[in-house]
Amino acid sequence: MTAPTYDLIDFDEVLEKFDPTLGLEVHVELSTQTKMFCGCPTEFGAEPNTQVCPTCLGLPGSLPVVNRSAVEAAIRIGLALNCSIAPWCRFARKNYFYPDMPKNFQTSQYDEPIAFDGYLDVILDDGETFRVGIERAHMEEDTGKSLHVGGATGRIHGAEYSLLDYNRAGVPLIEIVTKMIPGTRERAPEIARAYVTALRDLVKALGVSDVRMDQGSMRCDVNLSLAPRDSGELGTRSETKNVNSLRSVERAVRYEMSRQAGVLLAGGEVIQETRHFQEDTASTRSGRRKETSEDYRYFPEPDLVPIAPSAEWVEELRGTMPELPWARRARLKQEWQLSDEELRDLVNAGALDLIEATVAAGAPAGDARSWWVAYLTQQANTREVALDELPITPAQVAHVIELVSSGALTNKLARSAVDGVLAGEGDVDAVVAARGLVVSDEGELVAAVDAALAAQPDVADKIRGGKVAAAGAIVGAVMKATGGKADAKRVRELIIERCS
Amino acid sequence: MSADPGSPGPTLGRDDVAHLARLARLAVTEDELDLFAGQLDTIIEWVAKVGEIAAVDVPPTSHAVPLENVFRPDELRPGLTQEQALAGAPASQDGRFRVPRILGEEQ
Amino acid sequence: MSELIRKTAAELAELIRTKEVSAVEVARAHLDRIAEVDGAVHAFLHVAEEGAIQSATLVDEAQEPASPLAGVPLALKDVFTTIDMPTTAGSKILEGWRPPYDATVTARLRAAGITILGKTNMDEFAMGSSTEHSAYGTTHNPWDLDRVPGGSGGGSAASLAAFEAPLAIGTDTGGSIRQPAAFTGTVGVKPTYGGVSRYGLIACASSLDQAGPCARTVLDAALLHEVIAGYDPLDSTSIDQPVPSVVAATKQGASGDLSGLRVGVVRELTGEGYEAGVQASFDAAVRQLEKLGADVVEVSCPHFTTGISAYYLILPSEVSSNLARFDAMRYGLRVNQGASAEEVMAATREIGFGPEVKRRIMLGTYALSAGYYDAYYGQAQKVRTLIARDFAAAFQQADVLLSPATPTTAFPIGAKIDDPVSMYLNDLATIPTNLAGTAALSVPSGLADGLPVGLQVMAPALGEAVMYRVAAAYEAARGPAPMPEVKA
């Protein structure tokens with residue numbers, strides 16, 4: 001008997017009839033030097049099975065010892081998510097058979113996670129804040145990697161045999177699970193994406209992981225269920241794996257909403273199952289059917305002793321927290337006098353770090369911002385690179401800004417200087433000299449000043465008479481005569497000198 | 001399982017044993033099913049005596065030794081070479097362990 | 001010198017140190033003995049002749065003795081990984097397996113200059129009380145070759161009683177050192193849990209397993225104890241404290257004065273269920289201690305009687321998880337029946353594991369199942385707490401506790417193999433110590449109907465010193481113990 005096929009319901013219609021409930025599980029691979037329970041390296045890309053030892057290979061007789069840095073990272077993630085840190089917790093064994101797990105159990109945490117009951121305030125595109133509840137964050141170890149050989153697509157279905165590499169087995173993972181997220185309505189896909197983005201930024205700010213979804217150091221599973229609109233009930237949820245980008249998070253939610261609505265509206269029942277996201281079609285596909293649901297037979301890990309972080313240790317770690325992303329944004333909004341829209345534009349452009357660094361190098365915030373957001377963004381777009389990939393540093397930009405405000409360069413010539421740096425012609429001063437962007441010769445300046453004064457004798461008289469303000473016209477004339485390359489400030493000084 | 005989980009009352013039949021064998025990846029024979037069913041049933045009745053102890057407020061012990069916070073620093077330690085790792089492997093290829101095709105799914 | 005095999009480890013060490021005899025001579029004498037009797041006893045699964053001579057040669061060439069036991073031969077239970085010898089844990093599933101690393105215990109023995117003669121027989125994965133569950137055939141008790149030597153460490157104990165080695169290492173999860181010691185008339189010690197590293201000890205029940213010294217005298221056991229014990233950063237459950245001074249305590253004990261010491265007889269571990277001969281031997285031992293000046297008190301540990309049920313829930317649960325790694329994918333036996341990994345796994349485990357192991361794996365799987373955890377494993381862990389409390393209360397009243405090590409003497413081979421529960425009851429007296437993580441030993445207390453009986457002395461965690469002291473005092477007062485002659 002073939003499975004019935006259902007329609008995909010249009011998004012708006014889904015929302016007319018149903019309320020979605022979201023749940024997101026994110027696994028973060030820590031960037032510690034060594035694995036969770038042994039001293040093997042965690043570096044990516046080594047020859048297979050060259051970063052293993054008796055412990056992470058699960059050899060008979062081997063034993064685990066907990067990596068202190070991994071615990072610290074877990075606590076810091078918990079603190080950043082406003083969680084309570086367990087005063088006492090243990091590891092547990094999650095028992096199931098699979099060849100990528102050397103012990104055929106995973107050392108994880110079950111009912112005693114190290115961090116629990118927190119939240120993350122997610123700022124949406126329109127500036128609205130949505131609070132996502134965090135159920136728990138806990139420590140566990142990663143599995144090895146399997147290559148399936150012989151099948152058509154290199155995937156597990158139809159493969160003849162598999163090849164196992166255990167380099168990744170035992171790498172520390174932190175699993176972060178949200179509470180159920182109701183009330184998202186039509187913003188469910190957006191909120192899911194915004195949450196994963198915010199979590200990524202937060203973990204990145206902590207410096208504990210590369211959080212690259214495209215490299216697998218951050219993995220997301222999307223849980224979704226639908227209930228009849230305004231019923232307050234809970235539907236049956238599906239779990240979607242293989243969600244490898246932020247965009248896929250959004251699309252997976254959207255697809256599942258459409259699919260489940262189609263099932264429910266046709267009178268069918270949503271099956272509680274694991275599905276796989278298909279990148280190419282932005283859809284989800286059912287995973288292998290299981291006979292019975294998995295019983296992991298959890299029990300406390302007898303080879304490890306409890307972890308009891310002292311209050312002092314937790315406070316010490318709280319003190320190492322960097323300024324977290326939204327706190328920083330709030331501060332910059334205030335310091336730079338930005339509106340919500342302006343801030344949002346900067347965040348979306350990825351310009352915040354660059355502007356802040358430019359300000360740190362001495363430039364005024366307004367100038368720093370306008371350079372990065374306008375001219376430099378233009379240059380990045382032309383070159384088809386990200387802003388932070390442009391071959392110019394914030395310090396260099398700050399120097400250019402200084403030259404403009406001192407009058408040494410006009411805005412136009414400043415852009416020329418920037419062009420030169422981007423073209424690889426050298427540092428700012430070198431480019432300015434090589435391109436002849438300023439008149440540095442004093443004698444030339446004096447000659448130009450004298451010539452301008454001679455050309456406007458009545459203005460010259462006014463200046464001699466004490467009307468210093470009138471010098472402006474002479475400065476303008478000199479700038480015009482030198483094609484903007486004169487140092488305006490020096491010109492003004494010379495005018496005063498020559499007229500006194 | 002045919003036994004009632006609320007009270008540890010045994011009655012482990014053949015089917016129950018077959019289910020346990022599957023969970024534990026043991027391809028037990030038909031004869032073994034009968035033998036083990038009888039033996040396990042007896043053993044479970046005997047170990048269920050733990051239920052006779054009233055221990056509602058007693059905390060469980062999972063460690064005989066009251067140790068806490070045993071850690072190692074995040075420092076490299078020499079491991080095995082690829083050759084050593086694969087030395088006992090029933091089959092290997094290209095530096096990896098070669099295993100028959102896997103039917104189940106990764107968790 | 002064939003008489004070399006009759007000497008104690010302490011005596012051999014001294015002879016070697018003074019160069020009256022070479023370590024190589026000592027090794028050869030024992031290797032010859034093994035060749036002579038092990039066909040009948042079957043204590044050894046692997047004899048490492050070449051490695052032993054090499055190791056002994058190094059000792060003879062060394063300027064300074066590496067330890068007080070340098071050059072003394074030893075039999076190592078085949079549950080410890082050894083990089084130059086196969087390690088099977090008594091199972092077909094690891095037949096011929098050569099580990100790529102040494103256990104910490106192995107490394108410490110080598111560093112001490114001890115000559116490892118080979119690996120000894122054991123019940124498969126340390127599950128059993130007779131060594132009959134070895135996949136490589138049972139070991140025979142040197143006292144009567146038709147009887148079991150006890151288990152799971154029957155090979156180590158038998159090698160001592162047969163004079164194949166003066167020292168051995170065993171592991172004790174529910175009595176696997178102490179019960180064979182009692183059955184073979186030798187000394188066997190279970191240190192405090194965490195006292196000796198478990199790194200490289202193929203796991204049975206992680207929260208119960210402990211490696212320990214085995215010998216023919218208390219002093220020899222103490223000397224070996226100080227070689228292997230101590231903190232290991234590779235074992236998270238290892239205790240970071242100084243090793244108790246058991247050699248000094250032994251020497252003090254041998255002076256024979258126990259005045260001021262309180263010894264507690266555990267009511268629940270005597271009487272009903274204990275053979276008359278065993279009970280008589282125990283009672284005599286207690287009187288002996290009294291004569292040495294000890295105050296004898298009776299203590300009650302009411303939860304001890306439930307200990308065995310709790311044990312046979314906790315152990316199988318941990319075993320079911322610990323043995324999951326044997327799946328034919330990375331090492332060990334692979335039975336190529338079936339096309340899928342799952343089928344190969346199941347076929348391999350079916351053929352590679354014996355019936356006792358399979359029973360315990362299924363029992364453990366059951367006990368940990370959803371819906372059963374609280375009633376079984378969860379409840380058993382609570383009973384464990386109650387047993388620990390019983391010990392704590394008893395140690396308020398006495399410095400050491402006493403009981404017979406086993407309810408019976410060595411039973412005939414085959415007598416209990418078809419009745420699992422009757423086999424489990426061998427561990428009645430020894431199990432409470434494993435559950436509480438405290439220390440205990442068995443020291444020979446004479447014969448009953450021509451078969452050895454063991455006296456169990458129990459001490460609080462890290463209280464090994466007083467335990468060795470009492471055992472040494474008793475041993476000195478008892479006088480020379482009879483030893484068997486193996487009819488090869």
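1. Chain B contains three helices and three strands, where helices (H or I, at least four residues) and strands (E, at least two) are DSSP runs numbered from the N terminus. Along the sequence, the elements of chain B occur in the order α-α-β-α-β-β.

2. The model is predicted: local features need pLDDT of at least 70, side-chain atom pairs count only at pLDDT 80 or more, and totals for chains, interfaces and linings use all residues. Residues are numbered from 1 along each chain as its sequence is written, while chains are lettered from A and ligands numbered from 1 in the order in which they are written.

3. The mean pLDDT (the predictor's confidence in each residue, from 0 to 100) of chain B is 86, and 87% of its residues score at least 70. Over residues 1-10 of chain B the pLDDT stays under 50, and the model has 19 contacts beyond four places in sequence for this segment; two residues are in contact if their C-beta atoms, placed from the backbone, lie within 7 Å. Where pLDDT is low, the predicted coordinates should not be read in detail.

4. Of the 107 residues in chain B, 35% are buried, that is, 20 or more other C-beta atoms, placed from the backbone, lie within 10 Å of the residue's own. Among contacts in chain B between residues at least 6 apart in sequence, 33% join residues at least 24 apart.

5. The contact between chains B and C takes 47 residues from chain B and 59 residues from chain C. On the chain B side, α1 (14-23), α2 (30-47) and β3 (96-100) each give two or more residues. The most come from α2(B), with seven residues. This side of chain B divides into 34 nonpolar, nine polar and four charged residues; Ala, Val, Leu, Ile, Met, Phe, Trp, Tyr, Cys and Pro count as nonpolar, Asp, Glu, Lys and Arg as charged, and the others, Gly among them, as polar.

6. Chain C is divided into domain 1 (2-264 + 290-296 + 397-478) and domain 2 (304-381), with bounds from an automatic or database domain assignment. Their C-alpha centres lie 27 Å apart, and 27 residues of domain 1 are in contact with 23 residues of domain 2. On the domain 1 side, α14 (420-424) and α15 (431-436) of chain C each supply at least two residues, and α15(C) gives the most, with three.

7. In chain A, helix α3 (residues 188-206) has 19 residues and reaches 27 Å from its first C-alpha to its last, close to the 27 Å expected at 1.5 Å a residue; the expected span is 1.5 Å times one less than the number of residues. Buried residues of α3(A) include Ala188(A), Tyr195(A) and Val203(A). Just after α3(A), Gly207(A) takes a positive phi of about 70°.

Key: Buried ≥ 20, exposed ≤ 12 C-beta atoms within 10 Å, placed from the backbone.
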